[in-house]
Amino acid sequence: MTRAQLFVSCMVDLFRPRAGIAAVQVLERRGVELEFPAAQTCCGQFAYNAGHHREAAAMGRQLVRAFEASGANGSPVDRPPVIALSGSCAAMVKHEMPELLERDALRRGRTPAAAGWRRRAEALAGRVVEFSEWLDGHDAPAPSGAASGAPASLKVACHTGCHMRRLLGLTEPPLRTLRRAGVEPLELVDADQCCGFGGSFGLIEPEISAAMTDAKLAHLATARSEGATCLVSADLGCLMQLGGRLTRRGDEFPTLHLAELVDMADQGRLTAVEIGRVASRQGGDD
Amino acid sequence: MPGILPPAGAPWPERRRRALGDPTMREAVGKSTRSLAEKKAAAYAAYPLGEAMRVRAVAARREALGHTDALLEEFTRQVEARGGHVARADGPADVGRYVLAVARRRGARRVVKSKSMATEEVALNEQLEAAGLHVRETDLGEYIIQLARERPAHILVPASHKTRQQIRTLFDDEAERSGDPPPGGDATPELTAFARRQLREEFLAADIGITGGNFLVAETGTLVLITNEGNGRMTTSLPPVHIAVVGIDKVVATWDDLAVLLQQAPMSGTGQLISTYTSFITGPRRPGEVDGPEEFHLVLLDNGRHELLGTAYEDVLTCIRCGACLNVCPVFRTIGGQAYGSMYSGPIGVVLTPLLGGLAHAPELPKSACAMCHACRDACPMEIELPRLILALRRTEIEESMEPPTVRLTFELWGRFWAHPAGFHLTARLAQLGQRAFMQKGRLTRAPGLVGGWTATRDSPPVARETFHQWWRRTRPGSPP
């Protein structure tokens, strides 16, 4: 049996736990023995990209510790892959964490520990796999009954986040995942343009951020006119930005995390009606 | 020595407001940047050698930076050996003083210029006009911007934010001022015909031609100019005096280095394999030569550059001013160039403006004009790690306490709580309890503090009644921690 640890990300944890639950179902359905290291909090990316590296490092160290603990108390060599439900957070761990933790240890005067923190962060970085990348790599044939419920013509608009696209180089896995789920992904015009979130930028500059989102939503409108039934992303940050702007504009177009869509496809309940039902559920009203 | 940049003009909120409130400009910028970015991608795709040369070009530029002083000395020797003059300028005032001294000695009244970011940087036009000289920009885009009394809105295509209709209006006004016939219409050929007619007179009457420079080749003392309109050649050959103002970062060692660099700016900037005109200028006219100026002056501009050598920011000096990072930047596409308050806009402007002019000169740029999407990093032919440099500037601002204390406190508390599971869960519980007051129809529509920035323009789902952590604990009670 394949073991894996789930890196749920603070945003999924707090704002859309259903996406995490869906990922659990999807992975367990594929025979994964899943652990959830309960000591995980946040990768620190938001603070990191805002320039607050001391705070980011404190969160980063906690993340490293959390995933070093394993229920099957395996030795470091056979620690399982860490499946991340956010491309952006996966990129943070893989690309920034080792240097951040080393630099922060040096800053705190913990010179002997600095190399150790780098090594520990690198070990975690090596284990992190983004969710759709994992599905793609395991070429998980959809379990029985899957996709059969989905009409072949069901179209979904797909947005791939900037860090997933550029730092992880993962543009195809989410599209292939969607096709395996029996839906036709529609990429937006200017697909590689940022959704407008941008971490602290989106909070400091709400108007510029929203103007960027509105440009994205104009392209989404085109996809909708071509029959897209919902907007899917493997990054909840982008999805909250796009969805939050949609509802602010009085538009209830469904937005779903990729894991939710795969879960529905697995169960053969992937229909436009069902998508609307799942998407409209608020995190707090489950 | 730190450099000096012209003032940003209006404060940031005002510049931002103007930009967001100008749909015509935003549409024009969106269109031109997308088109340029597509042309760049097509150019490299169709010309594999371009990529191989790019890699060598990066190495050549970085290598040159390691020997800047020696290369500048060699360059100076070579120019002087060929009868040219070389001057060093620490900052804007030095450039102005030098050019005005030449103008006075020559009794010059009229100046023509070809497009130059270095002279924008030192506000040379303003300096010369204040001394009573007549200055005319001869690059079509710069000419338009000069008539509009604006700053270039793009490093490469300074008037790309203007529509043909707006340009026609500017030209009509100019025709009225000068008593010349106005353009026949707002079609591109009619507009360029008008500009050509006007500028021809300027070229013929000019006493001094001023240019920038794309590269300097140390081994022969050659100034390299890349242009598309031919105005650079007119500027450097018709007036009796040619003065080039060039940043010290533009020097490369050899023609071999130049050979791999030469195509990168046009390929990355406009998708051209080579620019329409590539001029190599080595000193003034020599006996027996039929063209070229009587005097050739090269002003090497520092303005904060030398200080960057050997620092984490050094690579920014390899920039070839192609504008590729502007063309892919979602923030630039949204607010256009003038909102940056600097002749250097887009991602390179976010880095270069505070580095040359000081962080206090543009404290808003690193945090407000970048969404950390990394598109610029992929677009930059010189592989400048722009996102990393922007992040370093954000960090510096925090270290130098340039941030509001409330923001600082928010991050400190946040870091303290979220570095431990107990603190993390406590904040989740508090949010679950306290958020009702901020909700409407099941969504957070306003919020205190930093998060209020989010809810200003977007809704947010509330913190779930049961978080994932709580769900896992409830449904898998036996599972290991």
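Predicted model: local features only at pLDDT ≥ 70, side-chain atom pairs only at ≥ 80, totals over all residues.
Chain A contains 14 helices and eight strands. Its radius of gyration is 19 Å, close to the 19 Å that the globule rule gives for 286 residues, so chain A is as compact as a globular protein of that length. Along the principal axes, the C-alpha trace of chain A spans about 60 × 50 × 35 Å. Buried residues make up 60% of the 286 residues in chain A, and, of the contacts in this chain with a separation of 6 or more, 78% are accounted for by residues 24 or more positions apart.

The contact between the two chains draws 58 residues from chain A and 54 residues from chain B. On the side of chain B that touches chain A, these residues comprise 30 nonpolar, twelve polar and twelve charged.

For chain B, the domain assignment gives domain 1, covering 12-130 + 209-307, and domain 2, covering 405-475. The centres of domain 1 and domain 2 of chain B, taken over C-alpha atoms, are separated by 52 Å.

Helix α4 of chain B, residues 68-81, has 14 residues, which at 1.5 Å a residue should span 20 Å, and the distance of 20 Å between its end C-alpha atoms agrees with this expectation. The buried residues of α4(B) are B:Leu71, B:Phe75, B:Thr76, B:Gln78 and B:Val79. Seen down the helix axis, these buried residues fall within an arc of 165°, and they therefore line one face of α4(B). An α-helix has 3.6 residues a turn, so residues three or four places apart point the same way. Among the elements of chain B that cover the buried residues of α4(B) are α3 (48-66), β1 (85-89) and β10 (295-301), together with β5 (215-217) and β8 (251-252). On the other side of α4(B), B:Asp69 and B:Ala81 are exposed, and just after the helix B:Gly83 takes a positive phi of about 90°.

B:Arg321 is found in the loop between β10 and α14 (324-328) of chain B, whereas B:Lys441 lies in the loop between β11 (439-440) and β12 (443-444) of that chain. With 20 other C-beta atoms within 10 Å, B:Arg321 is buried, while B:Lys441, which has 8 C-beta neighbours inside 10 Å, counts as exposed.

Note on methods
Residues numbered from 1 in each chain as written. Chains lettered and ligands numbered in written order. Contact = placed C-beta atoms within 7 Å. Nonpolar A, V, L, I, M, F, W, Y, C, P; charged D, E, K, R; others polar. Helix = DSSP H or I, 4+ residues; strand = E, 2+ residues; numbered from the N terminus. Expected span 1.5 Å × (residues − 1). Buried ≥ 20, exposed ≤ 12 C-beta atoms within 10 Å, placed from the backbone. Arc of directions from axis to C-beta. Rg over C-alpha atoms; globule rule 2.2 N^0.38 Å. Domains from an automatic or database assignment.
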